[in-house]
Amino acid sequence: MMPQRVRLQHEAALRHPKSIIGCQVTREPPNSTERYTRWINQLAPDQLLTQVFTSNGPTVIMPTWFCSRAWFAHVGPFDEGGRGVPEDLLFFYEHLRKGGGVVRVDQSLLLYRYHPSAATHSVLETTIWAHRVRFLEERALPHWPTFTIWNAGRQGRRLYRSLTAGSRRKVAAFCDVDENKIRKGFYCYEDSQERPKPRIPVLHFRAARPPFVICVKLDLTAGVFEDNLRSLNLQEGRDFLHFS
């Protein structure tokens, strides 16, 4: 911890008594998780709530957390199920369910070390995926009568298959930029028990209608995906949410 961490986060907690207070971090070794570190440090204040469904986990990372004892007691203890339980993600989701906020002190107040044998690597991706999908269905999808999954590839189709039947019926289309997927025109859910099997249209992203659940990882296309998204003049949280 940097010497001023407790003071600065305590001051923020007094102003936001029902919030988890995080901070920016310095990663050690410096180049170990460049994209993740950039995401931690550069999320805009509103994105601390709109990006809670992504695979990166809590938008303020647990080593930086600061909150009042009273609020911690209100949310409840960590799940102590042991190795393989994403206890920080589960606590973070319960915090949000109970009306908690998320605030970040925009100074680097923590040296955040990476090592390949860290306990976090014991949590299976499939476990985290299941929790994320259920939270998306609980918190976001009830507000949307229909939605589009942005990515007709593997991740988008996986999300569709992971949804409950009721949520799958809300999927109006997939959208993509891949001409081959668009030319085919649809995705057929072959494992469905429904007859006839669902066929979901696949559209170019400019022909699709919001809101979108985006299953495209950020910062991996040299800015092309981000430019496409910005060109639609959408509002994050209302018109789209990131899931990847």
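The following legends describe close-up views of a predicted model. Residues are numbered from 1 along each chain as its sequence is written, and side-chain values rest on heavy atoms, with hydrogens and water left out. Because the model is predicted, local features need pLDDT of at least 70 and side-chain atom pairs count only at pLDDT 80 or more, whereas totals for chains, interfaces and linings use all residues.

View 1. A search of the whole structure finds 0 disulfides, a disulfide being a pair of cysteine sulfur atoms within 2.5 Å. For cysteine 67, the nearest cysteine sulfur belongs to cysteine 23 and is 14 Å away. Cysteine 67 is partly exposed, at 25% relative accessibility (buried is under 20% relative accessible area, exposed over 50%, and partly exposed in between, with a 1.4 Å probe and protein chains only). The sulfur of cysteine 188 lies 19 Å from the closest cysteine sulfur, that of cysteine 215, which is too far for a bond. Cysteine 188 is buried, with a relative accessible area of 15%.

**View 2. The stacked pair of tryptophan 65 and phenylalanine 78.** The structure holds 18 aromatic pairs (rings of Phe, Tyr and Trp, the last by its six-membered ring, with centres within 6.5 Å; planes under 30 degrees apart are stacked, over 60 edge-to-face and the rest tilted). The ring centres of tryptophan 65 and phenylalanine 78 are 6.3 Å apart and the planes meet at 10 degrees, so this pair is stacked. Tryptophan 65 is in the loop between α3 and α4 (69-75) and phenylalanine 78 in the loop between α4 and α5 (87-97), so the pair ties together parts 13 residues apart in sequence. Helices are DSSP runs of H or I with at least four residues, numbered from the N terminus. Tryptophan 65 is buried at 15% relative accessibility, while phenylalanine 78 is partly exposed at 27% relative accessible area.

**View 3. The aromatic cluster.** Ring pairs join Trp65, Phe72, Phe78, Phe91 and Phe92 into a cluster.

**View 4. Charges over rings.** Arginine 27 sits over the face of tyrosine 112, 3.9 Å from the ring centre. Lysine 184 sits over the face of phenylalanine 186, at 5.5 Å from the ring centre. The criterion is NZ of Lys or CZ of Arg within 6 Å of the ring centre and within 35 degrees of the ring normal.

Note on methods: Helix = DSSP H or I, 4+ residues; strand = E, 2+ residues; numbered from the N terminus.
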